[in-house]
Amino acid sequence: MVQPSSQDAFIGKNTPNGIAGRVDRIRVAASPSGTKLARGLVQFPLASIPRGSTITSAVVELFATFDAHDPALTHGLFPIETAWLETAVKWSNQPPVQFHPTATALVGDARGFKSFVVTADVQAA
């Protein structure tokens, strides 16, 4: 089943009060000095999954539009367990995230879809 997100946004460290929800692209970025950081936030509605269902597979696919020129570049997905709104979230009020990602994918040096296996996250929801 293909499930669109219910809300999405990106937040930037260099624009701590900027709001970028309801956009057509979600940006993520990091600089070696840590001064340029951008995080993407995506929420999927899971309430339609009947209680007691067996989840055998769940995958989030995100499209990389830029070539990062780093064959070892890996991105991670970090669960957010507190409420946030795409029309109000910004760097300065971002929700807390877990310290370690629950899913990772090699982004590498090519454009295209990147798959993150999130089966355990959906099973735990």
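**Surface patch and basis of the model**

Ile26, Val42, Phe44, Leu46 and Ile49 make a nonpolar surface patch of about 330 Å². Patches are made of residues with over 30% relative accessible area and no salt bridge, with like charges joined within 9 Å and nonpolar side chains (Val, Leu, Ile, Met, Phe, Trp, Tyr) within 5 Å; a salt bridge is a side-chain nitrogen of Lys or Arg within 4 Å of a carboxyl oxygen of Asp or Glu. Accessible areas come from the Shrake-Rupley method with a 1.4 Å probe, and for residues only the protein chains shown count as cover.

The model is predicted: local features need pLDDT of at least 70, side-chain atom pairs count only at pLDDT 80 or more, and totals for chains, interfaces and linings use all residues. Residues are numbered from 1 along each chain as its sequence is written, and side-chain values use heavy atoms, with hydrogens and water left out.

**A patch member in a loop**

- Leu46 is found in the loop between β3 and β4; helices (H or I, at least four residues) and strands (E, at least two) are DSSP runs, numbered from the N terminus.
- Leu46 counts as partly exposed because its relative accessibility is 33%, where buried means under 20% relative accessible area, exposed over 50% and partly exposed in between (1.4 Å probe, protein chains only).

**The three-stranded sheet**

- Three strands form an open sheet in the order β1-β3-β2, with antiparallel pairing; two strands pair if DSSP finds at least two bridges between them.
- β1 and β2 (29–30) stand at the edges with a single partner strand each, so one side of each is left without a neighbour in the sheet.
- Strand β1 (residues 7–12) and strand β3 (residues 37–43) run antiparallel and are joined by six bridges.
- Within this pairing, Asp8 stands opposite Val42, and the bridge partner of Phe10 is Gly40.
- Six of the six residues of β1 are buried: Gln7, Ala9 and Ile11 lie on one side, and Asp8, Phe10 and Gly12 on the other.

**Strands β5 and β6**

- Strand β5 (residues 74–77) runs antiparallel to β6, and four bridges join the two; Thr74 has Leu106 as its bridge partner.
- Leu77 has its place in strand β5 and is partly exposed because its relative accessibility is 21%.
- Leu77 and Ala103 are 26 residues apart in sequence, yet their C-alpha atoms are 5.2 Å apart in space.
- Not counting residues up to four places away in sequence, Leu77 touches Val60, Leu62, Pro101, Thr102, Ala103, Phe116 and Val118 (contact means heavy atoms within 4.5 Å).

**The aromatic pair**

- One aromatic pair is found in a search of the whole structure; rings of Phe, Tyr and Trp (its six-membered ring) pair if their centres lie within 6.5 Å, with planes under 30 degrees apart counted as stacked, over 60 as edge-to-face and the rest as tilted.
- The ring centres of Phe63 and Phe113 are 5.0 Å apart and the planes stand at 75 degrees, so the pair is edge-to-face.
- Phe63 lies in strand β4 (residues 59–64) and Phe113 in strand β7 (residues 112–117), so the pair ties together parts 50 residues apart in sequence.
- Phe63 is partly exposed at 49% relative accessibility, whereas Phe113 is exposed, with a relative accessible area of 57%.
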